[in-house]
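Work through the exercises below with the sequence and the 3D view at hand. Try each task before reading its solution.

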Amino acid sequence: MNEWHGMTAENLLATLPEALRQSGSILALARTEAEALARRLEEIERLRIYAAIDRLDEALLDRLAADFKVDWWDADYTVAEKRRTLQASWQVHRTLGTKAAVETAMSAVYPETTVREWWEYGGAPYHFKLLIDTTFEHADPQKHRRVLERAEYYKNLRSHLDQVEYTAVPKGECTAYCVIAAAGIGGKLTTEVPIYGLE
């Protein structure tokens with residue numbers, strides 16, 4: 001840190017008004033306080049929580065989720081998913097009940113998630129679909145249940161989820177297995193398989 005602008009005892013004392021410097025007892029008290037504050041720089045840095053989410057341990061992430069009322073928090077998330085969920089939680093709280101809230105919150109688990117509104121695919125009014133790209137993410141029935149639960153929390157109360165579409169773009173050879181079962185909600189797996197021998 002630049003010594004001319006850092007929080008050092010000398011810099012703190014430089015802010016003391018000239019009238020107070022005339023009193024020896026006030027100057028001594030100010031010097032003591034300045035030295036104590038300068039030694040607390042490490043503690044002050046720890047208060048910058050939001051900027052440090054990528055470095056926090058899992059236990060602290062869980063605690064912060066409770067403190068910040070991240071009601072859709074899942075203790076079974078991976079550490080990376082927890083970090084993304086916590087980072088997105090303020091935006092989700094501000095936009096709860098909107099398309100942006102659903103996309104932001106779902107992106108914590110599946111980074112490439114989009115919402116398709118009913119008029120974009122010819123559905124019934126106030127219905128929507130979730131389009132989830134699982135090319136670089138693992139999809140399983142437990143995650144699918146969490147997606148359905150979270151969608152209910154983030155969406156507008158009048159909106160209805162028609163379908164969750166999972167898409168994966170494989171590189172090279174692949175084998176795809178898909179078993180999705182949910183009450184009244186269909187699932188679809190789309191794969192794009194490259195055709196070899198065509199140039």
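A salt bridge is a side-chain nitrogen of Lys or Arg within 4 Å of a carboxyl oxygen of Asp or Glu. The model used here is predicted.

**Exercise 1. Salt bridges**

Task: Find which residues are linked with Arg150 in a network of salt bridges, and classify arginine 150 and glutamate 149 by their accessibility.

Solution: 
1. The network consists of Asp74, Arg146, Glu149 and Arg150.
2. Within it, the side chains of arginine 150 and glutamate 149 meet at 3.3 Å, N to O.
3. Buried means under 20% relative accessible area, and exposed means over 50%.
4. Arginine 150 has 9% relative accessibility, so it counts as buried.
5. Glutamate 149, at 47%, counts as partly exposed.

**Exercise 2. The strands**

Task: Work out how strand S2 runs relative to S1 and to S3.

Solution: 
1. S1 and S2 are joined by six bridges and run antiparallel. Here threonine 113 stands opposite isoleucine 132 in S2.
2. S2 (residues 127–133) and S3 (residues 160–168) are joined by seven bridges and run parallel. Phenylalanine 128 has leucine 161 in S3 as its bridge partner.
3. Together with helix H9 (residues 141–154), S2 and S3 make a right-handed β-α-β unit.
4. A salt bridge also forms between glutamate 165 and lysine 129 (3.4 Å, N to O). This pair links strand S3 with strand S2, 36 residues apart.

**Exercise 3. A buried charge**

Task: Decide which face of strand S1 holds Glu117, and name the nearest side chain of opposite charge.

Solution: 
1. The covered face of S1 has Thr113, Val115 and Glu117, while Glu112, Thr114 and Arg116 make up the uncovered one.
2. Glutamate 117 is buried but has no salt bridge.
3. The nearest side chain of opposite charge is lysine 99, 5.2 Å away. A salt bridge needs the atoms within 4 Å.
4. Beyond its neighbours within four places in sequence, glutamate 117 is in contact with Lys99, His127 and Phe128.

**Exercise 4. Positive phi**

Task: Locate lysine 69 and tyrosine 126 in the chain, and give the phi of each.

Solution: 
1. Most residues other than glycine have a negative phi.
2. Lysine 69, in the loop between H5 and helix H6, has a positive phi near 55°.
3. Tyrosine 126, in the loop between helix H8 and S2, has a positive phi of about 70°.
4. At 54% relative accessibility lysine 69 counts as exposed, whereas tyrosine 126 is partly exposed at 42%.

How values were computed: Residues numbered from 1 in each chain as written. Predicted model: local features only at pLDDT ≥ 70, side-chain atom pairs only at ≥ 80, totals over all residues. Heavy atoms only, no water. Pairing = 2+ DSSP bridges. Helix = DSSP H or I, 4+ residues; strand = E, 2+ residues; numbered from the N terminus. Right-handed = clockwise from strand over helix to strand, strands pointing away. Buried < 20%, exposed > 50% of the residue type's maximum accessible area, 1.4 Å probe, protein only. Lys, Arg positive; Asp, Glu negative; His and termini not counted. Contact = heavy atoms within 4.5 Å.
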